[in-house]
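Work through the exercises below with the sequence and the model open. Each task is followed by a solution in steps.

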Amino acid sequence: MLARVMRVQVTTAAPAATEADTLVIGVFEGDEVEYPALAALLDSGEAKRASGSLALAHDDGRRWLLAGLGKREDFTHESARVSAAKAAKRATELGGQHLCWVLPDGEGATIAGALVEGTILAAYRFDGYKEKSETDPPPKPLEELTLCAQADVTDAAERGRVAAEAANAARALQDTPANDMTPSDLAARAQQLAAEHETLTVAVEGREEIVARGMGAFAAVAQGSYQEPRLITLRYEPAEGAASGPVLGFVGKAVTFDSGGLSIKPADSMAEMKYDMSGGASVIEAIAAIAELQLPVRVIGVVGATENMPSGRSVRPGDIVKTLKGLTVEINNTDAEGRLVLADCIAYAIAEGAERIVDLATLTGACLVALGHTYAGLLSNDDDWCARVTAAAQATGELTWRLPLHAEYANLVNGGVGDLNNAPAGRLAGASTAAEFLHRFAGDTPWAHLDIAGTAWHLGREYAHTGGSGFGVRLLIELAAASGAAS
Ligand code: BES
Ligand code: MN
Ligand code: ZN
């Protein structure tokens, strides 16, 4: 099931000269508007300049929305995403299908890109499983967005469009239930995207190859399921000589359903575990977007896709497995499966040439408890690389908060019988011990781990409220863009 696609264009024409059925004008505190119908609404007090307020007027056969933007000095790219999302929802409720935003005076590319993102993200629907009511049909989707701007914001608008569409595509993968989003389905999506871009290639391997490669930790998680696991490797190489900088490695956890395995989860905590493939979904869609934007970087994406199921052939608590890197792991809890999959995928990405790693994973309940849905946990062995990831996160509004690594946490994942254990007793500092486990496989390669257990779904933002959020897609694209530009 694919997300809908919106047309976006930029024009220097006046809003009334566009074809849009709904025109949005933003107003800051202390400012006036030049459109008479909206000025009247402000004068009467029906419209307000406070951030988030929206008022409607009709003029010349079209809808005009006045969007309060609050104080100019408080207005950020994130406020622009939120305002755009509010306007898009209101316009849709009112039957609008072609929206026009006027870029506020004095604003440039950053705000333009954010308005595009907020509009497209807010337009995401996941309604393919519901019967359409004939008496009360759902509102028609937005199809087109026109941005009226005097500044040249075409590139920013296009980047925003591609990034937000990619995030929406990741959301569709996330929201699709596990019976329809198996490891093979995810691999098929990666293959479909690779077929669309000459610069993008994909390799998909199954159970036999994963075992043959020596990825014993990944294979152990997969062995309990009747669904075939998939090791998905995406490579983006722009035209000869176009790329510079280090090879980026994006690694994603894609457990398409996490029952916990034999260390089975209680029913309440199992219900949302179709989202345990969120990291992998973000990696796949972000790399395709990077290819679409032809960014001047090289990227290798590694996605470990599997179910985690209990069965007669499941891995047992106490089993010891050998990883691709050679370290052995005592699996004392089969529900700590994400780190097993990632351990082999990170080692594999490095062996395949990745020089900077970001991994995305819905890894620990501990991270969700610590940071809620607001921040993703960020853990890293390299301050410079960590700063770059943080900068990308701040630019896209996908917030991260650094949590610590420490030798004492690393000690907790040392094994008794094997080299490592996958789930320290006591669960203290769970996000940090999980990251220290991964750290052993990243070694000295600059690596940043994003624990997106809290942010991958039910993000609570106006433009991504419930369900999958596509968290990380825009961040990875931004990171690739900054990395290509910096070198
Ligand atoms: N997928 C879960 C983590 C998770 C929990 C994500 C809640 C989103 C919401 C992961 O595989 C898991 O089960 N982690 C365990 C690890 C523990 C057994 C050491 C956890 O966090 O409880
Ligand atoms: Mn688990
Ligand atoms: Zn999991």
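**Exercise 1. The zinc site**

Task: Classify the geometry at the zinc ion (ligand 3) from the angles among its donor atoms.

Solution. 
- Step 1. The zinc ion (ligand 3) has six donor atoms, with angles of 78 to 173 degrees among them, and its site is octahedral.
- Step 2. The rule: four donors are tetrahedral if all angles lie between 85 and 135 degrees; four are square planar and six octahedral if opposite donors are over 155 degrees apart and all others between 65 and 115; anything else is irregular. Ideal angles are 90 or 180 degrees for six octahedral donors.
- Step 3. The coordinating protein atoms come from K253 (NZ), D258 (OD), D276 (OD) and E337 (OE), at 2.0 to 2.4 Å. Donors here are N, O and S atoms within 2.8 Å of the metal (3.2 Å for Na, K and Ca); water is not among the atoms, so sites may look incomplete.
- Step 4. Along the sequence, the zinc donor residues follow the spacing K-x4-D-x17-D-x60-E.
- Step 5. K253 and D258 are both buried. Buried means under 20% relative accessible area, exposed over 50%, and partly exposed in between (1.4 Å probe, protein chains only).

A note on conventions: this is a predicted model, in which local features need pLDDT of at least 70 and side-chain atom pairs count only at pLDDT 80 or more, while totals for chains, interfaces and linings use all residues. Residues are numbered from 1 along each chain as its sequence is written, chains are lettered from A and ligands numbered from 1 in the order in which they are written, and side-chain values use heavy atoms, with hydrogens and water left out.

**Exercise 2. The manganese site**

Task: Find which residue bridges the manganese ion (ligand 2) and the zinc ion (ligand 3).

Solution. 
- Step 1. List the protein donors of the manganese ion (ligand 2): D258 (OD), D335 (O), D335 (OD) and E337 (OE), 2.1 to 2.2 Å away.
- Step 2. D258 coordinates both metals, and the two ions are 3.2 Å apart.
- Step 3. Check the geometry. The manganese ion (ligand 2) has six donor atoms with angles of 71 to 167 degrees, and its site is irregular.
- Step 4. The manganese donor residues are spaced D-x76-D-x1-E.
- Step 5. E337 is buried at 1% relative accessibility, whereas D335 is partly exposed at 21%.

**Exercise 3. Nonpolar cores**

Solution. 
- Step 1. A nonpolar core is a set of buried Ala, Val, Leu, Ile, Met, Phe, Trp, Tyr and Cys residues joined through side-chain atoms within 4.5 Å.
- Step 2. The largest core has 98 residues; among those with the most contacts inside it are W101, F250 and I290.
- Step 3. Helix α9 (residues 278–292) gives the most, with nine residues. Helices (H or I, at least four residues) and strands (E, at least two) are DSSP runs, numbered from the N terminus.
- Step 4. Leaving out residues up to four places away in sequence, I290 touches Y236, F250, L295, V297, V299, L476, I477 and A480. Contact means heavy atoms within 4.5 Å.

**Exercise 4. Salt bridges across the sequence**

Task: How many residues apart are the partners R7 and E144?

Solution. 
- Step 1. A salt bridge is a side-chain nitrogen of Lys or Arg within 4 Å of a carboxyl oxygen of Asp or Glu. The count is 25.
- Step 2. R7 and E144 form one such bridge, 2.9 Å from N to O. R7 is in strand β1 (residues 7–11) and E144 in strand β6 (residues 144–148), 137 residues apart. E144 is buried at 15% relative accessibility.
- Step 3. E462 and K89 meet at 3.5 Å, N to O. E462 lies in the loop between β17 (447–451) and α15 (473–486) and K89 in helix α2 (residues 77–93), so the bridge ties together parts 373 residues apart in sequence.
- Step 4. E462 is partly exposed at 26%, and K89 is partly exposed at 28%.

**Exercise 5. An enclosed strand**

Task: Is strand β14 (residues 376–380) largely enclosed or exposed?

Solution. 
- Step 1. Five of the five residues of β14 are buried, so the strand is largely enclosed by the rest of the structure.
- Step 2. Sort by face. A376, L378 and S380 lie on one side, G377 and L379 on the other, and all are buried.
- Step 3. β14 pairs with strand β15 (residues 400–402) in the parallel sense over three bridges. Two strands pair if DSSP finds at least two bridges between them.
- Step 4. Within this pairing, G377 stands opposite W401 in β15.
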